[in-house]
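Good morning, everyone. Please bring the model up on your screens, and I will walk you through some of its details.

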Amino acid sequence: MLTLLSAMYLVVRTASAQAEPIRVLVTGAAGQIAYSLLYSIAKGDVFGKDQPIILVLLDITPMLPVLDGVVMELQDCALPLLRDVIPTDKVEVAFKDLDAAILVGSMPRKEGMERKDLLKANVAIFKTQGEALEKYARKTVKVLVVGNPANTNCLIASKSAPSIPKENFSCLTRLDHNRARSQVAMRVGVSSDNVKNVIIWGNHSSTQYPDVHHAVVNHHGKEMAAFDAVNDESWLKGDFISTVQQRGAAVIKARKLSSAMSAAKAICDHMRDIWFGTPDGEWVSMGVYSSGNSYGVDDDLMYSFPVKIKNKTWKVVDGLAINDFSRGKMDATATELVDERDTALTFLGA
């Protein structure tokens with residue numbers, strides 16, 4: 001038995017030694033989300049236990065001393081998969097030959113800032129980063145936008161990198177997806193892995209629509225519709241939705257800081273599913289490029305849909321029945337995204 005285990009260990013070690021490192025960029029790398037994220041990436045939780053990693057950490061120049069501390073900590077973790085850590089404030093270094101880009105950094109809304117001013121500031125950031133992807137990254141790069149307003153920032157980045165397929169860009173609504181899953185699980189009294197196929201439709205904002213009409217709960221070994229398992233329609237159509245929509249604000253109110261640990265976990269979930277696919281019979285929520293879907297959502301938006309992923313390619317789960325209640329909420333969040341897009345595009349050419 002020891003001989004067999006030793007042989008298996010050697011196979012894993014050999015595979016790890018032979019695999020080419022992938023280059024993974026995290027922007028806003030001196031921030032609190034990145035601090036919760038980088039260890040999980042570096043130890044193999046996202047891209048695989050036999051996949052060596054080169055981590056590239058981008059932040060603004062005043063944050064470079066902080067980045068040096070982050071680099072020291074990553075080195076001190078003594079992680080066998082982590083082949084190199086590159087801190088930088090230069091896009092030509094950060095975006096070179098990337099396999100994956102996780103764009104966390106963005107301009108946060110400041111007190112007294114108008115929404116259009118926030119959009120204008122972020123258009124400038126994500127236009128620059130999209131152009132850097134276009135110029136320096138691999139054309140196969142997978143790009144995840146986390147920095148808010150994530151959907152529209154993602155659209156701007158993709159438009160600024162026209163030779164990279166739009167399907168390679170996605171934005172994070174997995175945190176909202178995980179929140180919805182957890183709320184249902186707590187309500188029913190099961191663990192969250194017993195809840196599947198919740199959906200987040202639309203924008204990563206307070207207009208998002210957490211939908212459990214197609215969700216399934218495994219309750220005491222029996223699969224049942226979430227509406228039946230919860231058995232409280234008024235909660236599912238009321239407080240459940242508003243709790244998920246407002247959860248980020250509730251965390252800020254309690255912590256005096258925005259979600260970091262849960263955001264980092266959602267980023268890991270999102271990128272792992274891109275790399276390895278979704279389980280059979282399950283979908284996840286992801287902000288992706290809207291083009292010819294069956295739900296009547298306008299084209300040329302980054303809109304959160306239910307998706308299945310195989311061979312690093314997502315596909316919208318089309319054809320789900322949509323009732324009038326859901327339709328109204330899906331349309332409302334789409335309207336917000338159209339307004340955001342149209343405002344942002346006026347700044348893109350400026």
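**A walk through the model**

Let's start at a proline. P149 sits in the loop between β5 (142-145) and α6. Helices here are DSSP runs of H or I with at least four residues, strands are E runs of at least two, and both are numbered from the N terminus. The peptide bond that joins N148 to P149 is cis, with omega at about -5 degrees.

Now the ground rules. This is a predicted model, where local features need pLDDT of at least 70, side-chain atom pairs count only at pLDDT 80 or more, and totals for chains, interfaces and linings use all residues. Residues are numbered from 1 along each chain as its sequence is written, and side-chain values use heavy atoms, with hydrogens and water left out.

The largest pocket holds about 1,600 Å³ of space. It has 50 lining residues, and the closest to its centre are S106, M107, P108, G147 and N148. Which helix gives the most to this lining? That is α5, with six residues. Other helices that each supply at least two lining residues include α2 (32-42), α7 (174-188) and α13.

How are these spaces found? On a 1 Å grid over the protein atoms alone, a pocket is an open set of points with protein on both sides within 12 Å along at least five of seven lines. A cavity is a set of points where a 1.4 Å probe fits but cannot get out. Lining residues have an atom within 4 Å of a point. Points are joined across faces, edges and corners, and a volume is the space filled by probe spheres set on them.

How many cavities of 30 Å³ or more does the structure hold? Three. Among the residues that line it are K142, E167, F169 and W314.

On to the core. A nonpolar core is a set of buried Ala, Val, Leu, Ile, Met, Phe, Trp, Tyr and Cys residues, joined through side-chain atoms within 4.5 Å. Buried means under 20% relative accessible area, exposed means over 50%, and partly exposed is in between, using a 1.4 Å probe and protein chains only. The largest nonpolar core has 81 residues. I41, F47, L55, L57 and I102 have the most contacts inside it. Helix α12 (residues 261-276) gives the most to this core, with eight residues. A second, separate core has 33 residues, including V56 and C154. In soluble globular proteins, nonpolar side chains tend to be buried together.

Take L55. Setting aside residues up to four places away in sequence, L55 touches V24, L38, I41, A42, L74, L82, D84, V85 and I86. Contact means heavy atoms within 4.5 Å.

Now look at helix α13, residues 324-348. It has 25 residues and reaches 36 Å from first C-alpha to last. That is close to the 36 Å expected at 1.5 Å a residue, where the expected span is 1.5 Å times one less than the number of residues. Its buried residues include M330, A334, L337 and F347. Among the elements that cover the buried residues are α5 (115-136), α6 (150-159) and β13 (302-310). At the N-terminal end, N323 is the cap: a side-chain oxygen lies 3.3 Å from the backbone nitrogen of F325. A polar contact is a pair of N or O atoms within 3.5 Å; within protein, one must be able to donate a hydrogen and the other to accept it, and residues adjacent in sequence count only if both atoms are side-chain atoms.

Strand β13 holds S304. Is S304 buried or exposed? Buried, because its relative accessible area is 0%. A polar atom of its side chain lies 2.6 Å from the backbone oxygen of I200. Beyond four places in sequence, the contacts of S304 include N151, W201 and S285.

Last, two aspartates. D97 lies in the loop between α4 (91-94) and β4 (100-103). D97 is not a glycine, yet has a positive phi of about 55 degrees. D97 counts as partly exposed because its relative accessibility is 32%. D300 is in the loop between β12 (284-289) and β13. Its phi is also positive, at about 65 degrees, although D300 is not a glycine. D300 is buried, because its relative accessible area is 18%.
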